[in-house]
Amino acid sequence: MTNANRRNFLKNVSLGSLAAISIPNIVSAATVADKTKKVTLKKESVVLFQGDSITDAGRKREVDTPNNSGALGGGYALMAASALLLKQASLNLKIYNKGISGNKVYQLAERWDTDCLQIKPDVLSMLIGVNDFWHTLNGNYKGTVKIYRDDYDKLLDRTRQALPDVQLIIGEPFAVKGVKAVDDKWYPAFDEYRAAAKAMADKYKAVFIPYQRIFDKAQESAPGAYWTGDGVHPSVAGAQLMAAAWLECVK
């Protein structure tokens with residue numbers, strides 16, 4: 001959205017229509033078919049967020065303390081963790097964020113022993129895949145959707161073998177078309193990466209968060225640039241939207 005278009009949007013939208021932007025309603029409408037499966041938190045449960053820059057969100061990587069605002073970053077992981085820690089105070093949860101900006105699946109695998117298996121999460125939340133596709137567009141990465149799917153499969157199998165009781169949450173890679181970085185070159189190839197993530201969720205009986213459908217639904221209330229600055233990284237509102245969807249996965 002150009003600056004002029006943004007000004008026009010803000011000028012023309014009424015207070016009533018802004019009030020109609022309801023994150024719970026957006027999430028509910030977009031996830032109606034995905035509510036049958038949830039993860040269960042118990043006392044002293046360890047929750048780990050893993051992924052790329054969307055999860056990283058500027059976290060302080062040198063801080064390894066759970067439930068630390070700096071270590072959780074400034075995105076959906078922090079927002080979800082904050083709500084969870086407030087709502088489930090009696091459980092004494094320990095929540096970590098180990099997302100790293102720019103990561104693809106094979107890079108998660110390279111650091112998995114330290115940044116996952118040694119933490120021994122009871123709940124592992126993963127959002128990975130946008131870079132596995134996006135970085136192929138500039139010619140600096142030669143990955144394919146098969147490589148993405150196979151790498152993801154190997155990583156999840158390795159995780160299940162080491163942590164047989166871990167409960168998995170898999171977020172769908174998403175993009176908002178027409179906002180800066182995301183254009184026609186993304187499609188239909190990127191949709192195959194989304195489908196691969198869903199296939200992994202099905203195979204490993206993970207809770208699946210349909211982020212693409214959620215962001216698509218959100219654009220019925222406000223334009224894409226309201227929810228993401230570049231088509232990939234969420235705005236503050238977009239991060240809260242993601243956190244709300246994530247919290248729907250937990251009971």
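P188 sits in the loop that runs between β4 (167-171) and α11 (189-203). A cis peptide bond links Y187 to P188, with omega at about 5°. The model is predicted. Its mean pLDDT is 91, and 89% of the residues reach 70 or more. Over residues 9-20, however, the pLDDT is below 50, and this stretch has four contacts in the model beyond near neighbours in sequence.

**Backbone geometry**

- Most residues other than glycine have a negative phi, and most peptide bonds are trans.
- K180 is not a glycine, yet its phi is positive, near 50°.
- K180 is found in the loop between β4 and α11, the loop that also holds P188.
- K180 counts as exposed because its relative accessibility is 68%, and the cut-off for exposed is over 50%.
- A57 also has a positive phi, about 50°, and is not a glycine.
- The loop between α4 (53-56) and α5 (69-72) contains A57.
- A57 counts as partly exposed, at 26% relative accessibility.

**The largest pocket**

- The largest pocket holds about 180 Å³ of space.
- Its lining includes T40, K42 and S45.
- K120, P121 and D122 also line the pocket.
- A further run of lining residues is A162, L163, P164, D165, V166 and Q167.
- By class, the lining divides into five nonpolar, three polar and four charged residues.

- S45 lies in the loop between α3 (23-30) and β1 (46-51).
- With a relative accessible area of 4%, S45 is buried, because the cut-off for buried is under 20%.
- The side chain of S45 reaches the backbone oxygen of K42 at 2.9 Å; both S45 and K42 line the largest pocket.
- Neighbours within four places in sequence aside, S45 is in contact with L93, K94 and D122.
- Of these contacts, D122 is also one of the residues lining the pocket.

**L155 in helix α10**

- Helix α10 (residues 145-162) contains L155.
- L155 counts as buried, at 2% relative accessibility.
- L155 touches V105, L108, A109, W112 and M126, residues up to four places away in sequence not counted.
- V105 is 50 residues from L155 in sequence, and their C-alpha atoms are 8.0 Å apart.

How values were computed: Residues are numbered from 1 along each chain as its sequence is written. This is a predicted model: local features need pLDDT of at least 70, side-chain atom pairs count only at pLDDT 80 or more; totals for chains, interfaces and linings use all residues. Side-chain values use heavy atoms; hydrogens and water are left out. Helices (H or I, at least four residues) and strands (E, at least two) are DSSP runs, numbered from the N terminus. Buried means under 20% relative accessible area, exposed over 50%, partly exposed in between (1.4 Å probe, protein chains only). A polar contact is a pair of N or O atoms within 3.5 Å; within protein, one must be able to donate a hydrogen and the other to accept it, and residues adjacent in sequence count only if both atoms are side-chain atoms. Contact means heavy atoms within 4.5 Å. On a 1 Å grid over the protein atoms alone, a cavity is a set of points where a 1.4 Å probe fits but cannot get out, and a pocket is an open set with protein on both sides within 12 Å along at least five of seven lines; lining residues have an atom within 4 Å of a point. Grid points are joined across faces, edges and corners, and a volume is the space filled by probe spheres set on the points. Ala, Val, Leu, Ile, Met, Phe, Trp, Tyr, Cys and Pro count as nonpolar, Asp, Glu, Lys and Arg as charged, and the others, Gly among them, as polar. pLDDT is the predictor's confidence in each residue, from 0 to 100.
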